[in-house]
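This report covers a helix crossing and the aromatic ring pairs of one protein model.

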Amino acid sequence: MNRGNELLTIGELAARTGLSVSAVRFYESKGLVHPIRTSGNQRRFLRADIRRVSFALIAQQLGFTLPQIAAELGKLPEGSAPSAADWKRISRGFRQVIETRVAQLQRTLDDLDGCIGCGCLSLKKCALYNADDRAAANGAGPRFILVSRKVALGLGDPE
């Protein structure tokens with residue numbers, strides 16, 4: 001049998017991915033992997049499922065939800081190992097979300113660098129001060145952190 005088509009037991013998949021068997025079953029219930037059933041109704045997984053589970057673990061660490069991950073994995077071919085082109089297609093969507101988060105984190109770090117221990121005690125200089133709650137017109141929550149200060153105040157386009 002071609003090694004790429006080799007079937008793994010649920011225990012083997014768990015061991016290869018560092019998950020418990022119950023976690024593999026949970027991922028199955030969420031549509032992240034789709035085992036093949038033997039005539040004895042035992043689960044068998046393709047070696048390619050190691051990559052699917054590994055991708056799910058990494059995506060979770062990056063803050064993606066299981067439904068988001070399942071939707072992306074659902075775009076991969078079933079019953080065979082995904083190609084490099086398949087993975088590249090998935091990574092494009094995740095890349096955009098990650099780049100947006102990185103920009104948001106950088107803005108937060110920049111604002112925190114200016115606030116923590118600055119000692120300015122001046123609301124006129126504060127990067128987070130929202131005089132007269134002007135940013136409220138553009139949505140709820142910490143607008144200066146979620147989007148740039150300029151955008152939150154309706155003064156410019158998103159960065």
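A residue counts as buried when its relative accessible area is under 20%, and as exposed when that area is over 50%, with partly exposed in between. The model is predicted. With a relative accessible area of 5%, Tyr27 is therefore buried. Phe26, at 39% relative accessibility, is partly exposed.

**Aromatic pairs**

The count of aromatic pairs comes to four. Two of the pairs are listed here.

| Pair | Distance between ring centres | Angle between planes | Class |
|---|---|---|---|
| Phe26 and Tyr27 | 6.4 Å | 50° | tilted |
| Phe55 and Phe94 | 5.3 Å | 55° | tilted |

Phe55 belongs to helix H3 and Phe94 to helix H5 (residues 84-115), so their pair ties together parts that are 39 residues apart in sequence. Phe55 is buried at 16% relative accessibility, and Phe94 is buried with a relative accessible area of 7%. Ring pairs also link Phe55 and Phe94 with Phe64 and Trp87 into a cluster.

**Helix crossing**

Helix H3 (residues 48-61) also takes part in a crossing with helix H1 (residues 10-17): the two axes come within 10 Å and cross at roughly 45°. That angle makes H1 oblique to H3. The crossing of H1 past H3 is right-handed. On the H1 side, the contact is made by Leu13, Arg16 and Thr17, and on the H3 side by Asp49, Ile50, Val53, Ser54 and Leu57. Sorted by class, the contact between H1 and H3 has four nonpolar, two polar and two charged residues.

Key:
Residues numbered from 1 in each chain as written. Predicted model: local features only at pLDDT ≥ 70, side-chain atom pairs only at ≥ 80, totals over all residues. Heavy atoms only, no water. Axes fitted to C-alpha atoms, helices over the stretch in contact; angles between N-to-C directions. Helix = DSSP H or I, 4+ residues; strand = E, 2+ residues; numbered from the N terminus. Parallel < 35°, antiparallel > 145°, perpendicular 65-115°, else oblique. Left-handed = near helix turned anticlockwise from the far one by under 90°. Contact = heavy atoms within 4.5 Å. Nonpolar A, V, L, I, M, F, W, Y, C, P; charged D, E, K, R; others polar. Phe/Tyr/Trp six-rings, centres within 6.5 Å; stacked < 30°, edge-to-face > 60°. Buried < 20%, exposed > 50% of the residue type's maximum accessible area, 1.4 Å probe, protein only.
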